[in-house]
Amino acid sequence: MIRRQPVSATADHAEERTNPAGRLGFQPGQVVQEIGYDDDVDQELREAIEGVIESDLVDEDYDDVADAVVLWFRDDDGDLTDALVDATTYIEEGGAILLLTPKTGRDGYVEPSDISEAATTAGLTASKSVSVGKDWSGSRLATPKAAKSKR
C-alpha cells in the first residue's frame, strides 16, 4: 500500500492566494499612488499593498508618474468618470487603476453599471469586481497600452 503525504503550497503561493494585493497584480518595486484616502478606507488592504510593493503608497501630491493608482471612490465623491480620467494622468500608459468602492449595502455604494460606464467613457478596460475586504470591492481597470513604434 502506498501512502501519500498531503502536499501544501509554499508560503509564497499561499500568500498570493490570501493576500488581495498579490491577487490584484501589484509587484515589488512599483510606485503606487493613492487617491481618495479617508477614515473609512481598509487599512489592512493598504498595508498588504505596501507589503507587496515593499514601500509606502504615495499620496495625491506625488509629482511623478506612478506604476499604478489605488482610487478609493464613494458615490458622493463626485463624478466617477472625471475621477478615472484624472487618475489616468498619474500613471504611465499600460498602467492599472485599482478602483475601490464600498460593497452593496454600505454607505457610498456605487452601482457596477456606473463603474462599467465610467471606465469605458474614460478609455479604460474593466475586469470583474473582486472582494478586497470586509467593506470594499475592487475593480482593476487597465489603461490602453501604447502602440509600439515600427522601426
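Colleague: Where is the place of T101?

Modeller: T101 sits in strand β3, residues 91-102, where strands (E, at least two residues) and helices (H or I, at least four) are DSSP runs numbered from the N terminus. This is a predicted model, in which local features need pLDDT of at least 70 and side-chain atom pairs count only at pLDDT 80 or more, while totals for chains, interfaces and linings use all residues. Residues are numbered from 1 along each chain as its sequence is written, and side-chain values use heavy atoms, with hydrogens and water left out.

Colleague: Does T101 count as buried or exposed, and which residues does T101 touch?

Modeller: Buried means under 20% relative accessible area, exposed over 50%, and partly exposed in between, with a 1.4 Å probe and protein chains only. T101 counts as buried because its relative accessibility is 3%. Contact means heavy atoms within 4.5 Å, and, not counting residues up to four places away in sequence, T101 touches F73, V110, I115, D135, W136 and S137.

Colleague: Which residues touch the most other members of the largest nonpolar core?

Modeller: In soluble globular proteins, nonpolar side chains tend to be buried together. A nonpolar core is a set of buried Ala, Val, Leu, Ile, Met, Phe, Trp, Tyr and Cys residues joined through side-chain atoms within 4.5 Å. Here the largest core has 19 residues, of which L71, L80, L84 and I97 touch the most other members. The elements giving two or more residues to this core are β2 (66-72), α4 (80-88), β3 and α5 (112-121), and the largest share, four residues, comes from α4.

Colleague: Which residues are buried in α5?

Modeller: In α5, I115, A118 and A119 are buried. Seen down the axis of α5, the buried residues fall within an arc of 100 degrees, so they line one face of the helix; the arc is that of the directions from the helix axis to the C-beta atoms. On the other side of α5, E117, T120 and T121 are exposed.

Colleague: How many aromatic pairs does the structure hold?

Modeller: A pair of aromatic rings is described by the distance of the centres and the angle of the planes. Rings of Phe, Tyr and Trp (its six-membered ring) pair if their centres lie within 6.5 Å, and planes under 30 degrees apart count as stacked, over 60 as edge-to-face and the rest as tilted. The structure holds one such pair: W72 and W136 are edge-to-face, at 4.8 Å centre to centre with 80 degrees between the planes. The pair links distant parts of the chain, 64 residues apart, with W72 in strand β2 and W136 in strand β5.
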